[in-house]
Amino acid sequence: MKSDTSDGGAERETVPYDVALVSCQDYSADALEEALSEAARAAGMPDPRGLRVLVKPNLLKGAAPERAVATHPEFLRAAIRILKAKGAASVMVGDSPAWQGSAAAAR
């Protein structure tokens, strides 16, 4: 761990994680789970066993998945399946949509 004071505030510990970019040709469950699993390995995803995990999708507003306005529902489902398969105690989904209330954006 290293410390960070870049925001001008008090020193806090940060954990350096890598970012991974993986190609996925479609939104099928198998393709997404394969791509997300590869990205998680490449980025050094922490072990979620026994933890409560919050997944924060981008729910800008309610729109058909094909319009790419928000996180694709199949992507979100695949992420949840992977976290559960890796032993997360619970997986919650939460966001604060920019243009609509949560119920409308989640449609």
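**View 1. Helix α2 gives the largest share of the lining of the largest pocket, five residues.** The model is predicted, with pLDDT of at least 70 needed for local features and 80 or more for side-chain atom pairs, while totals for chains, interfaces and linings use all residues. Residues are numbered from 1 along each chain, and side-chain values use heavy atoms, without hydrogens and water. Helices (H or I, at least four residues) and strands (E, at least two) are DSSP runs numbered from the N terminus. Two or more lining residues come from each of α1, β3 (52–55) and α2.

**View 2. The largest pocket holds about 450 Å³ of space.** A pocket is an open set of points on a 1 Å grid where a 1.4 Å probe fits, with protein on both sides within 12 Å along at least five of seven lines; lining residues have an atom within 4 Å of a point. The volume is the space filled by probe spheres set on the points. Of the 18 lining residues, A40, M45, V55, A79 and L83 are the closest to the pocket centre.

**View 3. The axes of helix α1 (residues 29–43) and helix α2 (residues 73–85) cross at roughly 60° and come within 9 Å.** Axes are lines fitted to C-alpha atoms over the stretch in contact, with angles from 0 to 180 degrees between N-to-C directions.

**View 4. A29, L32, E33, L36 and S37 of α1 meet E74, F75, A78, A79, R81 and I82 of α2.** Contact means heavy atoms within 4.5 Å.
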